[in-house]
Amino acid sequence: MAKCKITVLKKELYPDLQEKYLANPKAGKCEFFEEGQEWIVGIDDFFRMMNGGFCAEAWDCISRYVYSAIQGGSIMKGWSADERIMIASCNDGTRPVIFKLERIDEDE
């Protein structure tokens with residue numbers, strides 16, 4: 001087995017979409033994550049959904065790729081320049097968070 005390093009690269013904001021579509025048009029950027037945050041995820045962390053330390057919506061978006069990484073598989077073969085790395089995001093269209101997922105092989 002391997003591990004997966006999750007890094008928050010960016011927190012985006014689309015105020016025009018928030019103004020038009022949100023109940024709170026001044027919601028701003030995601031309050032759950034901070035740019036630069038990192039986690040190392042192993043199999044136990046995965047099945048416990050990070051013990052509540054991760055946004056459930058974001059986890060739903062990236063968990064299949066994290067699982068592939070901790071099983072030692074390719075995260076995005078043929079799409080990423082390095083199949084051990086993937087750039088992904090949560091599904092919040094007005095303030096998405098961009099993640100870098102990296103497979104860490106046990107021998108590294």
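Begin by selecting Cys4 in this predicted model: Cys4 stands opposite Val41 in strand E2. Towards E4, the bridge partner of Cys4 is Arg103.

Next, select strands E1 (3-11), E2 (38-41), E3 (85-89) and E4 (97-104). Together they give an open sheet of 4 strands in the order E2-E1-E4-E3, with antiparallel pairing. E2 and E3 are the edge strands; each has a single partner strand, so one side of each is left without a neighbour in the sheet. On average, neighbouring strands of the sheet are turned by 25 degrees against each other, direction ignored.

On the E4 side, select Val8, which stands opposite Phe99.

H3 lies across E1, E2, E3 and E4 and runs at about 145 degrees to E1.

**The nonpolar core**

Show the side chains of Ile6, Phe54, Ile62, Phe99 and Leu101. Of the 24 residues in the largest nonpolar core, these five touch the most other members.

Centre the view on Phe54. Which residues is Phe54 in contact with, leaving aside its neighbours within four places in sequence? The contacts are Ile6, Phe32, Phe33, Trp39, Trp59, Ile62 and Phe99.

**The aromatic cluster**

Select Phe32, Phe33, Trp39, Phe46, Phe47, Phe54, Trp59, Tyr67 and Phe99, which form one aromatic cluster. The structure as a whole holds 11 aromatic pairs. In one of them, the ring centres of Phe46 and Tyr67 are 5.0 Å apart and the planes stand at 40 degrees, so the pair is tilted. This pair links distant parts of the chain, with Phe46 in helix H2 (residues 43-47) and Tyr67 in helix H3, 21 residues apart. Phe46 counts as buried, at 12% relative accessibility, whereas Tyr67 counts as partly exposed, at 33%.

Keep Tyr67 selected and move to Phe47. The centres of these two rings are 6.1 Å apart and their planes are at 70 degrees, so the pair is edge-to-face. Phe47 lies in helix H2 and Tyr67 in helix H3, so this pair ties together parts that are 20 residues apart in sequence. Is Phe47 buried or exposed? At 56% relative accessibility, Phe47 counts as exposed.

Technical notes
Residues are numbered from 1 along each chain as its sequence is written. This is a predicted model: local features need pLDDT of at least 70, side-chain atom pairs count only at pLDDT 80 or more; totals for chains, interfaces and linings use all residues. Side-chain values use heavy atoms; hydrogens and water are left out. A nonpolar core is a set of buried Ala, Val, Leu, Ile, Met, Phe, Trp, Tyr and Cys residues joined through side-chain atoms within 4.5 Å. Buried means under 20% relative accessible area, exposed over 50%, partly exposed in between (1.4 Å probe, protein chains only). Helices (H or I, at least four residues) and strands (E, at least two) are DSSP runs, numbered from the N terminus. Contact means heavy atoms within 4.5 Å. Two strands pair if DSSP finds at least two bridges between them. Axes are lines fitted to C-alpha atoms, for helices over the stretch in contact, and angles run from 0 to 180 degrees between N-to-C directions. Rings of Phe, Tyr and Trp (its six-membered ring) pair if their centres lie within 6.5 Å; planes under 30 degrees apart count as stacked, over 60 as edge-to-face and the rest as tilted.
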